[in-house]
Amino acid sequence: MTDTMPRELDTSTPTSARMYHAMLTGETFYDADRRFMERLYDTIPIFPVWARHNRGFLARAVDYMVGNGIEQFLDVGSGLPTGGSTHEIAHAIDPDVRVVYTDIDTDAIVRAREQLVDQGVTATAAMVPGDLREPHQILDHPDTVRLLDFTQPVGVLLVSILPFIPDSDRPADLVARLREALAPGSYIAITHVSLEDAAPDTAQQVAAGAAAYRDTLDPVSLRTRAQFAEFFAGFDVVEPGISYASDWHRRAPVDTTDPARPCNFAAVGLVS
């Protein structure tokens with residue numbers, strides 16, 4: 001079996017992976033990305049804070065799962081490598097944890113593979129090209145088969161990937177197909193941008209940002225809390241249930257005045 005071909009590199013049109021990387025690091029790779037980020041920040045100055053909430057949730061979710069016996073992870077739509085990637089968090093606890101990343105973005109794939117080689121962790125971590133809309137591409141990839149044993153519990157991460165799956169692609173069904181591949185004791189962690197709980201002025205900003213993403217290769221779908229809950233059908237949602245990414249298992253006090261806080265639903269589900 002050969003690699004699934006990633007999406008062809010397009011430096012003239014921004015991608016969600018590159019924009020997320022820019023929000024977390026301030027780094028852009030192409031002029032089109034820089035111009036889009038300038039436009040986006042003019043519209044939604046809270047976006048970098050929202051991205052950091054996502055990253056913090058990922059770290060706490062991985063920590064929680066490893067603490068509950070998870071020794072292998074599938075990080076779908078992982079994007080470009082930045083500090084605090086899944087394998088870095090997990091390996092700080094247990095160096096033998098195995099991680100498979102997957103994305104359709106060429107930059108994400110190439111740069112992640114280079115990072116894993118540079119860090120000397122290819123025995124326990126890999127980046128595979130794949131699209132959540134074609135789960136078999138991910139599950140059947142040779143590196144996935146090499147590193148992950150789906151007869152044992154797996155931690156699945158869908159951190160801010162479902163907003164880029166339109167309703168026409170039936171995202172809840174895609175999550176269900178992943179669930180069917182998971183052994184009891186597996187977990188899934190999901191975040192999703194939303195304006196449902198946002199203050200009116202922030203909701204307007206988020207809606208404008210979603211509209212701006214129509215000019216990228218990855219348009220955004222905003223969803224309600226009820227729609228977010230549908231992704232956990234067949235899972236037992238662990239405490240505290242559906243939360244905000246900034247709040248979930250947070251050890252430090254929550255800033256309730258943070259306008260980005262209510263714009264990002266988060267939860268972790270268990271396969272019982």
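So, where is the place of P240? P240 sits in the loop between β6 (236–237) and β7 (243–244). When I say helix or strand, I mean DSSP runs numbered from the N terminus, H or I of at least four residues for helices and E of at least two for strands.

Before I go on, a word on what we're looking at. This is a predicted model, where local features need pLDDT of at least 70, side-chain atom pairs count only at pLDDT 80 or more, and totals for chains, interfaces and linings use all residues. Residues are numbered from 1 along each chain as its sequence is written, and side-chain values use heavy atoms, with hydrogens and water left out.

S160 isn't a glycine, yet has a positive phi of about 55°. You'll find S160 in the loop between β4 (155–159) and α8 (171–180). S160 is buried, at a relative accessible area of 10%; the cut-offs are under 20% for buried, over 50% for exposed, and partly exposed in between, using a 1.4 Å probe and protein chains only.

H249 is another non-glycine with positive phi, about 50° here. H249 belongs to the loop between β7 and β8 (264–270), and with a relative accessible area of 33% it is partly exposed.

Now, salt bridges. The structure has 16 of them, counting a side-chain nitrogen of Lys or Arg within 4 Å of a carboxyl oxygen of Asp or Glu.

Take R7 and D105, whose closest N and O atoms are 3.8 Å apart. R7 is in the segment before α1 (16–25) and D105 in the loop between β2 (98–103) and α5 (106–119), so this pair ties together parts 98 residues apart in sequence. R7 is partly exposed at 23% relative accessibility, while D105 is buried at 3%.

Next up, R18 and D107, which meet at 3.5 Å, N to O. Here R18 comes from helix α1 and D107 from helix α5, so the bridge links parts 89 residues apart in sequence. Both R18 and D107 are buried.

And then a local one: D143 with R146, at 3.1 Å between the closest N and O atoms. They are three residues apart in helix α7 (residues 142–147), which means about one helical turn separates them. D143 is partly exposed at 22%, and R146 is partly exposed too, at 43%.
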